[in-house]
Structure formats: C-alpha cells, structure tokens
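Subject: Structure handover

Dear colleague,

I am passing on the structure we spoke about, and my notes follow it. Please keep it open while you read, so that you can look up each place as it is named.

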Amino acid sequence: MRISFANDYSEGCLPEILENLSKTNFEQISGYGLDSYSKSAISKIEELLGAEPDQVDIHFTVGGTQANLIVISHVLKPYSGVLSAPQGHIATHESAAIEATGHKVIMLDADPYSGKIDAQTLAAFLNEYWANPEPEHSPFPGMIYFSNATEYGTLYSAEEISAIRDVADKYDISIFMDGARLGTALTAEPGVLSFGQLLDLVDVFTIGGTKNGALSGEAIVFTNRKYNYGNRFRWTLKQRGGMLAKGRLLGIQFDTLFTDDLYFRAAKHANRMADLLRTGLKQRNVKFWTETKTNQLFILIAPEMKQMLLQDFIFLDWLIPTEQQLSELGLEKSDQEYHVIRLVTSWATQKEWIEQFLNRWDDFANL
Ligand SMILES: Cc1ncc(COP(=O)(O)O)c(C=O)c1O
C-alpha cells in the first residue's frame, strides 16, 4: 500500500475520540447541540481562550465549507461581499458556495508564494473603494476572510493580524479567520500567535477538527469583540442545514479534543513530522515554493523524480511554475523542468514513513 502525504484527513480519527464515541454510544442525550458534551466542549474552549462568562458564542458544524458559508452569510448584509486572497479557500476550492448564498467573493491581491494578505493592500483597496463617488455600484466590502494556516501552509503573526484589524476597524468591516488548520498554525512557532489573542484580533474564527484528528467537525467561535454576531446564529445554522440532530457527534469529539490538550498535542505531532521531512529535504538541497513551519510543504521536484516517488507514495500536484517564477525562486532557466507538489503530514503520520520517503528519494537521486 502506498503511504499518503496527500492531506491531513486521510485517516479516521484519534483513538481517544473513537473510544469516547463508543463509550457514550448507548447514552440517550439531547439533540441539536444542546447535549452535555457540546456544553462541556464549549466550556473547555472558553476557558482555554480566557473568555469572560457569556463573552463568546461557540457552535459546532460538520465541515469547513459549510462553516464558511454559514458564517459569511450570517454576518454579511444582503448587498455585501467578502474580501479574500485569490488563493483563499472560499475563492478557489468551494465551488462558489459563498456566491451561492448571494455574496460575492472579492479578490484582494496577495503574495503568490505565501498566499497571505496584508494590512497595506487591504487599506489601499478600501481607500480606493470609498474614493469612488458611486461605491454602491459594486458590492459593499463587509468582511475580510483569511485562513490560518493558509492554503500554502504559511502563518499569520499576532502583529500581522493586529495591523489587518486596525484597517478593518477603521472601515468598519469584520474579520473572519478560517481555522481549518488552526491547530498546526498555533503550535508551529511558539509566541507568534496565541489562542487567547484571537479574542481581541478577529470577530469570528473556526477551530478545525476535520484536519486535526476528528472524524469531522469545525467549531465556530464568535468573539463578539465589536459586533454581536453570535446573537441568533442558531437560526442561521439551522436554516443552512448545519445543525445536526445528533449534535453529540460533534460535542463528544470537541470535548475529547479539548481534554488534556489533545487538540494541540495532535497538531504538534503533525508539525514535528513535517519538520523531519522539511529538514531531510533541505539536506538534499530541495527548493521550496514557500517557506512553511506547519504541516504542509510545497516543494519543487523534477517530473521524473515525482513519477518514481508516486510508485510508493501519494501526494498532490500543486502547480507548474512559470519561467519567471522559477527565476524568482533562484532557479534560472535550464534543461530541468520542475513541478510543485504538496506534501502534508497529519496527527497520524509515522516517523518511519518520513524515513522511507527520504530513502526512496536518495535511491532515485542516485540512479
Ligand atoms: C482553509 C480551509 N478552509 C475550509 C476547507 C473546507 O473544508 P471541508 O472540505 O471540510 O468542506 C478546507 C479544506 O481543505 C481548508 O483547507
């Protein structure tokens, strides 16, 4: 069987989750997220955030696309759009789920390698929008969306988000941080951004379970920092099909993830495995599309090497760089072609898999 570095949701779930689902199987408990496990999970998340009683509103839903479209359609006015990097998940990988709710995804320039937006670009965009004497002819920019970690595995620091927040506050728009990979983002570089800081930095964020050891599930956290978006969210959640009758499935999972630091331990494991792979590839002088510290690696690889590795491993083709991009990455035009592939580690990745990958790399490099 080939070993997969295709993504961080190839495996089932953390054994602790399976065990707790099984242990509670015959309990008869309330539905629709009002069960004791969902309430316990919410208390644990609130405590970890350092939130005051009733300060935040927390809800659970099944998937990332669903969380994004429900949050965005709940927060935005009918005439508003959401700003995103062109590489943002809502802009590229959600089959126009946001647009299907009636809200345009408005592209904001971002660095092509890191996929990150910045405060300056946001300020320039909003300034230009409001300089138009007839701004109402295009959608009102009502929200800024970014994911952390990004789709390119890069991270936002508290300082970067704080600069984005200052611009957002000036123009009175909300900030939504998609945390499908929040665990690996927060644990990659200690001191860069803490869980508790999110209370003051963003208006709403998600805590991804699906890509961090849950069978499925995302927590949605309204910080109510400035706006009371958490109010009446259960109506939107229900209307958009995101409220599970068997809410226990999500409650039990998040209660388990936020017991004994399991959520962050699982993420640290994924990051540690990525570090091993990154170090091994760097020792082999492999070029990276972008420098990451999280569990996603994007590397340049010769197509022949890629084909050989695909005999034993699964990973994703990401893109084929242009000549200009290759020269920006320090690879001047040569006879050698390159592709960019994505390698992802997870809570379940084994150290031996990394060693096998690097050994096969050496076997093929020495052919
Ligand atoms: C940043 C981000 N947001 C949202 C999603 C969507 O999640 P789902 O596939 O559960 O709908 C993904 C999935 O890859 C993602 O990477």
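**Around the ligand**

A backbone N or O atom of glycine 64 lies 2.9 Å from an oxygen atom of the ligand. Please bear in mind throughout that this is a predicted model. On its own the ligand has 390 Å² of accessible area, and the protein covers 79% of it. The residues that surround the ligand include Gly63, Asn68 and Glu94, as well as Ser147, Asp178 and Lys211.

In general, the strands of a sheet pair through backbone hydrogen bonds, and they may do so in a parallel or an antiparallel way. Here, seven strands form an open sheet with mixed pairing, and their order across the sheet is 2-8-7-6-5-3-4. Strand 2 (57-61) and strand 4 (105-107) stand at the edges, and because each has a single partner strand, one side of each is left without a neighbour in the sheet. From one strand to the next, the twist averages 25°. Within this sheet, strand 5 and strand 6 run parallel and are joined by five bridges, and phenylalanine 146 has methionine 177 in strand 6 as its bridge partner.

Another open sheet is formed by three strands in the order 9-12-11, with antiparallel pairing. Its edges are strand 9 (296-301) and strand 11 (316-319), each with a single partner strand, so that one side of each has no neighbour in the sheet. The twist in this sheet averages 40° from one strand to the next.

Strand 9 pairs with strand 12 (residues 339-344) over six bridges in the antiparallel sense. If you follow this pairing, you will find glutamine 296 opposite valine 344 in strand 12, and phenylalanine 298 opposite arginine 342 in strand 12.

**Backbone details to look at**

Most peptide bonds are trans, and most residues other than glycine have a negative phi. With that in mind, please look at the peptide bond from asparagine 148 to alanine 149, which is cis, with omega near 0°. Alanine 149 lies in the loop between strand 5 (140-147) and helix 6 (158-170).

Aspartate 172, which is found in the loop between helix 6 and strand 6 (174-178), has a positive phi, near 60°. Its relative accessibility is 47%, and aspartate 172 therefore counts as partly exposed.

Arginine 232 likewise has a positive phi, near 65°, and its place is in the loop between strand 8 (218-222) and helix 9 (233-239). The relative accessible area of arginine 232 is 55%, which is over the 50% cut-off, and so arginine 232 is exposed.

With kind regards

How values were computed: Residues are numbered from 1 along each chain as its sequence is written. This is a predicted model: local features need pLDDT of at least 70, side-chain atom pairs count only at pLDDT 80 or more; totals for chains, interfaces and linings use all residues. Side-chain values use heavy atoms; hydrogens and water are left out. Two strands pair if DSSP finds at least two bridges between them. Helices (H or I, at least four residues) and strands (E, at least two) are DSSP runs, numbered from the N terminus. Axes are lines fitted to C-alpha atoms, for helices over the stretch in contact, and angles run from 0 to 180 degrees between N-to-C directions. Buried means under 20% relative accessible area, exposed over 50%, partly exposed in between (1.4 Å probe, protein chains only). A residue is near a molecule or strand if one of its heavy atoms lies within 4 Å of it. A polar contact is a pair of N or O atoms within 3.5 Å; within protein, one must be able to donate a hydrogen and the other to accept it, and residues adjacent in sequence count only if both atoms are side-chain atoms. Accessible areas come from the Shrake-Rupley method with a 1.4 Å probe; for residues, only the protein chains shown count as cover.
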